[in-house]
Each structure stands twice: as C-alpha cells, then as structure tokens.
Amino acid sequence: MKEGLKACINCGTCTAICPAAEFYNYDPREIADIVQLQDDEKLEALMKSDTIWYCGECMSCKTRCPRGNAPGLIIMALRALSQEKGYFVESEKGRQQLYMKRTVGEWILEHGYCLYLEGVGTENHPEQGPVWDWRQKHWGDVMERLGANYKGAGPGILRKIPDEALKEIKDIFDLTGATERFEKIEKFSEKKASEMGYKSGKGLDNDYVENIFSKNNQQHNSKHE
Amino acid sequence: MNTDAKKAVWKNYQKEIADDNYFYVRSCVRQNFFPGAEATFLRIMKEELNKDIFEEPSHTTCTGIGFHGDIVPFETTMTVVARQFALMTEHGYKNLVPSCITSFGIYTEVLDAWSHYPDLLEKARLNLKKATGREFEIPKNLAHASDIFYKFRNELAAIAKYKLINANTGQPLKVVEHIGCHYAKMFPSKGVGGAEYPYVLSGMVESWGGEVIDYPERRHCCGFGFRQYLVQANRGFSIACSKKKFESMEPYKPDMIITNCPGCPMFLDKWQYAIAELEGKTYGQDGMGIPVFTFEEVAGLVLGYDPWDIGLQVHQVATEPLLDKMGIGYDPRKKYLGANGKFIGKPEMPDVLKTCC
C-alpha cells in the first residue's frame with residue numbers, strides 16, 4: 001500500500017462494512033467524496049464537525065475497498081489537520097482530544113506506555129466491574145501473584161521504565177511533532193474552555209475536562225432512532 | 001482428487017515466522033489487563049519450547065493508542081518504532097515479536113511505508129540518531145506472539161495435558177475465535193490466512209482439539225476504537241459493537257471465546273458484564289457469560305498450568321464452566337489469593353451476571 005486514497009469510485013463498500021457507520025451518522029463514502037472534491041469550504045466544515053471523530057480506526061474499510069483505499073487513513077489525515085488548525089474544538093467529539101492528550105499522551109511520557117493502571121479506575125470506567133474494582137484495591141498484590149514486576153527495576157510486566165528511556169521518548173516527541181501537537185491541543189482547548197465559560201486547568205479534575213469526557217448531546221446517531 | 005492447486009493457493013496465505021531468537025516487546029493493554037497472559041507466553045516459550053526470547057527493560061510502547069487516538073503523529077510513531085528496532089539491534093536480535101495486535105499493525109505499517117518511501121526511512125534514521133544517538137537495523141522477521149504459538153501449535157499439542165474437548169461427552173468444544181482488526185485487515189499478506197481466511201487462532205484451536213464456530217459477525221470489530229472507548233461519552237459505540245457480536249454468536253452456543261489482540265478479550269469480557277447489568281441479558285449458560293480467553297491463557301490451560309497462575313481470576317466472566325468442561329481441576333479457595341497465599345479479600349458479586357465464587 002502506498003497511499004490511503006486513489007481515485008474513489010463512490011461504491012459505498014466502505015460504508016457497508018464500517019462499524020461506525022452502523023452506529024453513528026457517519027458515512028466514510030462521503031468523507032472520501034468530499035476530500036476528492038477538493039472544496040476548501042466543505043473540507044473546513046468537515047474538520048469542524050463531529051463527523052471525522054466517529055471512526056474507530058479498525059481499518060475494516062481497507063480490506064474491502066475495491067480500489068485499495070482506506071477511508072480510515074483519510075480520517076487520520078483530517079484529524080491531524082483539524083488539530084493543527086484548531087478546528088477540533090468546534091465539535092463535541094473533537095474537543096475530547098484534550099482528554100486523550102492528558103491521559104494517553106501524558107501516560108506515554110510519564111510511564112512509557114499508553115495505559116496507566118491507576119488511571120483507568122472504576123470511578124470513570126464502571127463497566128470494568130467488581131473484579132477490576134478488587135484489583136484496583138490490591139494492585140501490588142495481584143500483580144505480584146501474576147508474576148509482574150510492578151514499578152520494579154529490570155525487565156518484566158509494568159516495570160518502571162528507566163528515566164533515561166523516558167527522556168529519549170520525550171526527545172523523540174520534541175523532535176518529531178508530538179510535543180507540538182500536544183501544545184496545540186492545549187492552546188486551542190484553553191481558548192475554547194474560556195469561550196464556553198468553563199474553568200480549565202491542568203490534569204483531569206476541572207469542569208472543562210469533565211464536560212468533554214462525559215458530554216453527549218445524543219444527536220450523533222439520530223438516523224437510527 | 002488432485003489438491004496441488006489448492007495447496008498452491010493456500011501457500012499465498014502463509015507467512016514466514018522465525019523459529020527462534022526473538023526480541024519481545026510488551027503490550028500497553030495486555031500488561032495491565034492480562035498480566036498473567038504475558039507471563040504465560042514467556043514461560044511457554046522458555047520452558048516448553050526452549051526458545052531464546054529476550055526483553056529489554058527500557059523498551060516502551062509503540063505509541064499505538066496515541067497514534068490511533070490521533071494525538072501522536074506518524075513521524076513520532078515511526079521514530080519510537082525505530083528506537084525499539086535499535087534496542088533489538090544492540091542486543092543482537094533480528095526477529096521482533098510484539099505482544100499486541102495494534103503494535104503488530106503499526107510495525108507493519110511503518111515497514112511498509114519505509115519500503116515505498118526510502119526518504120521516510122532515512123528521516124527515521126536521522127530523527128533517532130539526533131534524539132537518542134541510536135542506530136538500527138530493520139527486523140529480519142516480524143511476527144505477532146500468536147504467530148509463534150501458531151507455528152508451534154502441533155509441538156504444543158504433543159505435550160498437552162488437556163484438549164479443547166468436553167471431558168464428559170468427548171465432543172470438541174465450540175470455540176469462537178476473534179483475531180482483532182489490526183492483525184490483517186490493513187495488510188492481509190502479513191497475517192496467517194490473510195484477512196479473508198485468518199487461521200492464526202483457528203489453527204491453534206483445531207490442533208488442540210476444538211471446533212471453530214463460523215458465525216455471521218465473526219470479523220466485526222470488538223468496538224475498542226481507541227477514543228471510542230476511553231472517552232466515556234463515546235462508549236455506546238464500543239458496547240454496541242461487542243453486543244452485535246454476542247447476539248450473532250449466541251445461537252451457536254459457544255463454549256468459549258479465544259482472542260488474539262490484548263484489547264478484544266477485555267471488551268468481550270467486560271461488556272458481557274455491562275450488558276447483563278444494564279439489560280439483564282446474559283449469553284452463557286445458566287445466567288453466566290461466555291468465558292473469554294487470550295491465546296496465551298488457552299495454551300497454558302492445554303498445557304495443564306494452574307488457572308490461577310495464568311491469571312483467570314482477573315476475568316469478570318467466570319471461566320470455571322470451561323475448566324469444568326475440559327476436566328481441569330482447580331481450587332476455588334485459592335482463586336483470589338495474593339502472592340504466597342496472602343488473603344486479600346474477594347470481588348463483590350455482580351447483581352445480574354452469575355459468577356462462580
């Protein structure tokens with residue numbers, strides 16, 4: 001595969017296979033069509049909308065497209081540009097990117113992995129259920145029982161990533177654009193929070209982050225109602 | 001019947017899998033949610049298959065959830081991937097084995113991009129050198145951890161203590177297999193069996209005595225979707241995807257689900273709990289769920305490992321019905337004990353979903 005978009009024939013196979021199209025007001029065929037039209041106004045409207053944030057990036061579209069296209073990759077490009085331009089804060093789903101940055105993004109830099117055990121507790125993830133709740137109360141014990149090296153030195157499950165390794169990751173982020181994207185997500189989000197009258201702040205414990213984490217206007221899958 | 005032509009076609013769906021000397025990179029999700037699975041994988045590799053498999057303490061995430069959550073750009077991801085390759089190179093290894101399907105997809109995507117755009121490869125080399133001083137070689141072989149067990153599935157069957165067979169009836173257990181989207185949907189030629197006939201898990205199931213169920217939504221996504229699960233407001237999408245699969249597999253009365261990707265077993269396990277509590281609907285026998293396993297856990301069970309040593313106690317859906325069917329003995333009193341038999345309490349019982357103890 002060289003590119004995510006060769007001339008699209010608008011057959012709609014991607015939409016037929018897409019899990020997000022089944023759930024949301026979402027149609028990857030239309031995304032490919034709009035991008036192909038090269039209409040700047042339509043593209044800007046798309047990047048300011050909820051639409052580009054519905055895709056789950058499962059890439060099922062890639063397998064089935066008779067042209068070998070991947071609308072999921074087009075979505076990744078649109079999301080990147082939406083964040084670059086600051087358009088993402090204009091939609092409910094787009095604003096959620098601040099939550100992603102402050103969790104997954106910062107966990108990578110602090111812990112070396114995209115997930116951090118203590119960050120996904122049953123308070124914000126009640127669907128994890130009572131076994132996960134039990135594990136949360138006994139992290140160290142359960143991890144030791146299962147052979148992990150929880151926060152320990154040397155190799156192993158959930159070891160402490162050495163500081164020099166974390167510095168290398170941070171240096172890579174600084175050099176290759178991730179830090180810049182993080183800063184843009186923060187900058188545009190702070191401005192939007194102020195416009196919307198929310199108190200913002202660092203971390204997750206503030207009104208704006210709580211809003212973007214849980215707010216759902218119930219208008220995203222109205223075609224199925 | 002002459003089957004040469006069929007064999008020739010099937011050859012196109014095979015992939016090369018190295019037979020020893022592996023550099024192992026861990027998974028963000030599997031480490032957290034199924035730590036026993038990674039421990040079991042390494043135990044089997046070292047103690048049963050006698051393989052050389054090495055883990056470098058300072059390796060990290062590939063940035064996968066960040067990349068597919070769209071907060072990490074491709075240039076960053078490919079440079080972090082290059083750093084993993086550098087660690088592998090420095091320790092004299094050439095065969096990379098990720099524990100995660102999305103990582104496998106990302107490594108594949110990066111290698112594919114480099115093969116088409118040599119300037120990107122050059123950029124990755126320059127970036128890595130500048131940021132870390134490291135240099136790297138491209139892996140000779142890239143195989144997901146499950147590919148290795150697939151390759152040695154018959155060797156594992158030869159030393160198995162249990163089979164995926166109902167010990168009471170002698171019938172093969174009915175198994176749902178879920179390979180995870182990023183294993184072969186983007187790059188079909190890189191997965192065993194491709195995207196049309198994925199065989200990595202089916203091969204293990206068949207070698208170990210089970211019968212694979214072919215149900216309508218077999219290839220549907222579990223619904224992780226990265227930001228679609230992690231952000232609370234989006235979780236309706238995630239649970240709807242898993243529910244679609246459960247409804248589709250239910251008429252076939254599966255005895256178990258075996259999974260490839262680290263995230264899928266978590267969702268297929270936890271969403272059964274959530275659906276039970278939200279709607280009163282359960283998909284297993286007698287108000288229980290369908291037990292969900294990682295491929296490492298299934299291998300561990302077949303080899304006769306203690307279910308609590310491989311971590312089945314961290315599943316929300318009780319796994320005991322499957323253990324009973326296979327005739328595997330276990331001590332329920334030891335299920336929730338900590339290290340060295342320390343008592344650390346037990347999880348509360350769900351309101352609707354029945355569990356064993």
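Helices α5(B) and α6(B) are roughly perpendicular to each other, a label given to angles of 65 to 115 degrees, while angles under 35 degrees count as roughly parallel, those over 145 as roughly antiparallel and the rest as oblique. The model is a predicted one, in which local features need pLDDT of at least 70 and side-chain atom pairs count only at pLDDT 80 or more, whereas totals for chains, interfaces and linings use all residues. Residues are numbered from 1 along each chain as its sequence is written, and chains are lettered from A, with ligands numbered from 1, in the order in which they are written.

The two helices of this opening pair are α5, residues 74-90 of chain B, and α6, residues 101-116 of chain B, whose axes come within 10 Å and cross at roughly 100 degrees. Axes here are lines fitted to C-alpha atoms, for helices over the stretch in contact, and angles run from 0 to 180 degrees between N-to-C directions. Helices (H or I, at least four residues) and strands (E, at least two) are DSSP runs, numbered from the N terminus. From α5(B), the residues B:Thr77, B:Met78 and B:Val81 meet B:Ile106, B:Tyr107 and B:Val110 of α6(B); two residues are in contact if their C-beta atoms, placed from the backbone, lie within 7 Å. This contact of α5(B) with α6(B) is made of five nonpolar residues, one polar and no charged. In this scheme Ala, Val, Leu, Ile, Met, Phe, Trp, Tyr, Cys and Pro count as nonpolar, Asp, Glu, Lys and Arg as charged, and the others, Gly among them, as polar.

A second pair in chain B involves α3, residues 35-48, and α14, residues 295-302, which pack at an angle of about 55 degrees with their axes 8 Å apart. Helices α3(B) and α14(B) are therefore oblique to each other. The crossing of α3(B) past α14(B) is left-handed, meaning that the near helix is turned anticlockwise from the far one by less than a right angle, with clockwise giving a right-handed crossing. On the α3(B) side the residues are B:Ala37, B:Thr40, B:Phe41 and B:Ile44, and they meet B:Glu296, B:Glu297, B:Ala299 and B:Gly300 in α14(B). Sorted by class, the contact of α3(B) with α14(B) holds four nonpolar, two polar and two charged residues.

Helix α3(B) also deserves a look by itself. With 14 residues, α3(B) reaches 19 Å from its first C-alpha to its last, close to the 20 Å expected at 1.5 Å a residue; the expected span is 1.5 Å times one less than the number of residues. Most of α3(B) is covered, as 10 of its 14 residues are buried. A residue is buried if 20 or more other C-beta atoms lie within 10 Å of its own, exposed if 12 or fewer, and partly exposed in between, with C-beta atoms placed from the backbone. Among the buried residues of α3(B) are B:Pro35, B:Gly36, B:Leu42 and B:Met45. The buried residues of α3(B) pack against α10 (139-145) of chain A, together with α2 (28-33), β2 (53-54), α8 (145-151), β8 (292-294) and α14 of chain B. Just after α3(B), B:Asn50 takes a positive phi of about 55 degrees.

Elsewhere in chain B, B:Gln14 sits in the loop between α1 (4-11) and β1 (22-25). B:Gln14 counts as exposed because it has 12 C-beta neighbours inside 10 Å. Its C-alpha atom is separated by 26 Å from that of B:Arg30, 16 residues apart along the chain.

Turning to chain A, there are 13 helices and zero strands. The C-alpha atoms of chain A fill a box of roughly 55 × 45 × 45 Å, taken along the principal axes. Of the 225 residues in chain A, 44% are buried. Among contacts in chain A with a separation of 6 or more, 59% come from residues 24 or more positions apart.

A:Asn10 lies in the segment before α1 (13-17) and counts as exposed, with 12 C-beta neighbours inside 10 Å. A:Glu57 lies in the loop between α4 (40-47) and α5 (60-64) and counts as buried, with 26 C-beta neighbours inside 10 Å.

Finally, the contact between the chains takes 72 residues from chain A and 72 residues from chain B. The side of chain A that touches chain B has 38 nonpolar, 18 polar and 16 charged residues.
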